[in-house]
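Subject: Structure handover

Hi,

Here is the structure you asked for. My notes on it follow below.

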Amino acid sequence: MSYEHVLAPIEINGLEIKNRVVRTAHGTNIGQGRITDELIAYHEARAAGGCGLTVLEAASVHPTDMGTLWLHGASVVDDYRRLMDRLAPYNMAVFQQLGHLGYEGVTADGGPPWSASELAGPSIRRPAKAMAQDDIDELVDAFAQAARWSVEGGLHGVEVHIAHGYLLQQFMSPATNQRTDRYGGSWENRIRLAREVVGAVREAIGPETPMGVRVGSEAVGDGGVTEHDCAELVKVLTDDGLIDYVNLTYGSCLRPHKIMGGMHEPPGYELEAAAPVVAAVDLPVIVTGRFRTLAEADQLIADRVADMVGLTRAHIADPDLVAKSIEGREAEVRPCIAGNDGCVGGLNRGRLSCAVNPAVGRELDFPPPETSPQTRRIVVVGGGPGGMEAARLAAVQGHDVVLFEARNRLGGAVRQAQELPTRALLGDICDWQERELSRLGVDVRLNQTADVQSITAARPDLIVMATGATGAEIPDISMMPKDATAVVDDRFGGYEALGLAEWLATQGLAVTLTTPGRRVAANALLDLVVQPALERMQAHEVEIRTKVEIPPEADLTLTVAKHPHDPLSADLTAANLNVQVIGDARTPGSILTAIADAHTIDFGG
C-alpha cells in the first residue's frame, strides 16, 4: 500500500512536517517531572520509527500543578537541547503542550489547587482556590515563560491545552465557573482567560513559530463544554490571528474513560464530536480516536476528515509502526489492544507502560536483542501470551525453540477472554505473536499435552513453564433454562468477573455480580474500563453487590479467583532439568504481566 495521503508532507506556519502521523501529548511520568535520559530514549525510539510530529506531554507551567512534566525553571532549556540533539537525525517535528490541571492539580507547597471557582476536582476532591486577578496574571505570565523556554530549547512549536475539563476549560464551562467578575458569566467572559493565555504565548514565541490549541467536548452532557463551544472558541482564536492548527480530543476528568477509550470504543469514536470544529476552521486539523494503523490514517486524510491523525497508543505499542508499514511489513506491527492497563493504568499507578511492549519507558534497559553466541535448545510449555512471548524472544536471539500447547490453537485463556463482550481486540496480540513464531521458525506443537517424558525427549537446555491459571473460564450454559439465574463472585479484582457477568447477561441469564470488597474489579479501576462496563451492565439489569462474603444461591455460581496451574515444574526440577516458571503459572495476573515476565528470562548462550 502506498499510503500517499498520510505520508505526504504538510506545512504548519512555514514548518514542513514530513508526514501526517502524530503522537499527541500523553502523560508518561517517565522522567518524574523532568526530561531525563529515559524519557529522551522513549521519544527517540519513536522518532527513529518514522513519526512525523510529536507533541510532548502536557507540561505544567506553574507550581500549583505538579503534573508529569514541569516547566517551572530555566534549567528545562538545557534539558530540551539534549532532547532535540538526540532527535535531530530523524527529522521529527516536536511541539510542547502547555497546560494546567486546575482543580485536579497537586500543588508544590501543599496548598489548595487553583481553579475558576471553589469547587473540588473529581479525583483530588479538595476545594480549589478561586483564582484572584493576581493569580490569573501570574498564570498568564507562566504560560508565556514556558513557551519561551520551549522555543529557546529548540522545540519547533507549542500547543495550549484547553480541554479535558482542566483549568482553561474550567473557566470556559458554566458548570465549573461560578464567577461574577470579568472572567465569569457570559461566554465572552468565560473564554477570556483562554484568549489571554493564547495571546501571551503567541507574543512570547513570535509570529513565525507554529502554535496550536487542543480542544474538545467534555462529553458530560448538559452544563459542560460542548463541541459547539469548542468550535466557537477556535473561530475566535483564529479571528484573533493567534493559532496555526487545531488538535481535537474528547472527554474530561469527569468522564476520563472518554479521553483514551478502551477496546470497547470503536475506531473513530471521537470523530462525531470533532466534526463541528473541523467545519469551523480552515486550519490544519489533527484528529484522534483509537486509530491503530497507517491505513486508517491514510483513509481519514483521503476522505478529508482531517489533515493529520493521532496514532499515539499505537506508537506506544510499536515505535516502528510507520517504518514497518512503509516497508510492507504491516503484519509485523505489534498491535495496540487498547486494554488501557499499561498506558492509562500504568500512568495512574506511577508511570507509563504497555501491556504488549514491556520496553516502553525502559528503552535503555531493553535494547534490541542480539543473536546469542551459542545456540541453545529452549522448550516452552504453554502457548498463551507469556509462553509465546518467551518463544519469540528466544527465537529472535537465535535459539532453537519448541513450544508445546495442549489445545488446538495458540493463545491460551485469551482465546476465551476475547469472546466476552467488547473484548475481541485481546486476540490481536496473540495473532501477532503467532505470526512472529511462524516467521521466526519456532517449532509449534499443538494438541500436545507435555509431560516429563516428551519434554525430556526434546533435549532442552532450558524449560519455560507458561501453563497459565485456572478460575476464570467461560462456562457451558447450553443446557440451562432460559430463566436461569447466575452469580459471578469477584475474588480476583481484575476485569475477568465483569466480562463474565456481562457475557452471561447477554445470554439472557439474570445475573448478580458480587465481591467481598468495596468495588468490583478493584484492580482494574485505574485502567478506565470499569465504568463503561458498569454502564453497559446497568442496561442489562445486572445487580451488583459489594461487601458480600457469602454469595446468594443461584442456578449457576462462578467464583472468579485465578490459581496458578503448574503441574510439571516440580517433577522437571527433580529430574535435574533447568526450569523457569512465568506468567499466570507463577503469579496470576494479566496479559501485561505475562508478557513482561517473559522478558525476565535469561536464555543463556
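Arg 82 touches Ile 35, Thr 36, Asp 37 and Ile 40, with residues up to four places away in sequence not counted. Contact here means heavy atoms within 4.5 Å. This is a predicted model: local features need pLDDT of at least 70, side-chain atom pairs count only at pLDDT 80 or more, and totals for chains, interfaces and linings use all residues. Residues are numbered from 1 along each chain as its sequence is written, and side-chain values use heavy atoms, with hydrogens and water left out.

Arg 82 sits in helix α2. Helices are DSSP runs of H or I with at least four residues, strands are runs of E with at least two, and both are numbered from the N terminus. Arg 82 has 34% relative accessibility, so it counts as partly exposed. The scale is relative accessible area with a 1.4 Å probe, protein chains only: buried is under 20%, exposed is over 50%, partly exposed is in between. Arg 82 and Gly 154 are 72 residues apart in sequence, yet their C-alpha atoms are 9.5 Å apart in space.

Next, the helix pair. Helix α1 (residues 37-48) packs with helix α2 (residues 76-87) at about 30°, axes 9 Å apart. The two are therefore roughly parallel. That label covers angles under 35 degrees; over 145 is roughly antiparallel, 65 to 115 roughly perpendicular, and the rest oblique. Axes are lines fitted to C-alpha atoms, for helices over the stretch in contact, and angles run from 0 to 180 degrees between N-to-C directions. From α1, the contact is made by Asp 37, Ile 40, Ala 41, His 43, Glu 44 and Ala 47. From α2, Arg 82, Leu 83, Arg 86 and Leu 87 take part.

Now the cores. A nonpolar core is a set of buried Ala, Val, Leu, Ile, Met, Phe, Trp, Tyr and Cys residues joined through side-chain atoms within 4.5 Å. The largest has 129 residues, and Ile 162, Val 201, Val 215 and Ile 243 touch the most other members. Helix α3 (residues 133-152) gives the most to this core, nine residues. A second, separate core has 28 residues, among them Ala 505, Val 520, Ala 521 and Leu 556. Beyond four places in sequence, Ile 243 contacts Val 198, Arg 202, Met 211, Val 213, Val 234, Leu 237, Thr 238 and Leu 283.

Helix α17 is largely enclosed by the rest of the structure, because nine of its 11 residues are buried. Its buried residues pack against β18 (485-490), β19, α18 and β21 (556-560). Just after α17, Gly 508 takes a positive phi of about 100°. In helix α18 (residues 530-539), the buried residues include Val 530, Pro 532 and Met 537. Cover for the buried residues of α18 includes α17 (496-506), β19 (510-514) and β20 (543-545). Just after α18, Glu 541 has a positive phi of about 60°.

Which disulfides turn up? A search of the whole structure finds zero. The criterion is a pair of cysteine sulfur atoms within 2.5 Å. Cys 343 has its closest cysteine sulfur in Cys 336, 6.2 Å away, too far for a bond. For Cys 253 the closest is in Cys 230, at 14 Å, also too far for a bond. Cys 253 is buried at 8% relative accessibility, and Cys 343 is buried at 11% relative accessible area.

Last, Ser 60 lies in strand β4 (residues 53-60). Ser 60 is buried, at 1% relative accessibility.

Best wishes
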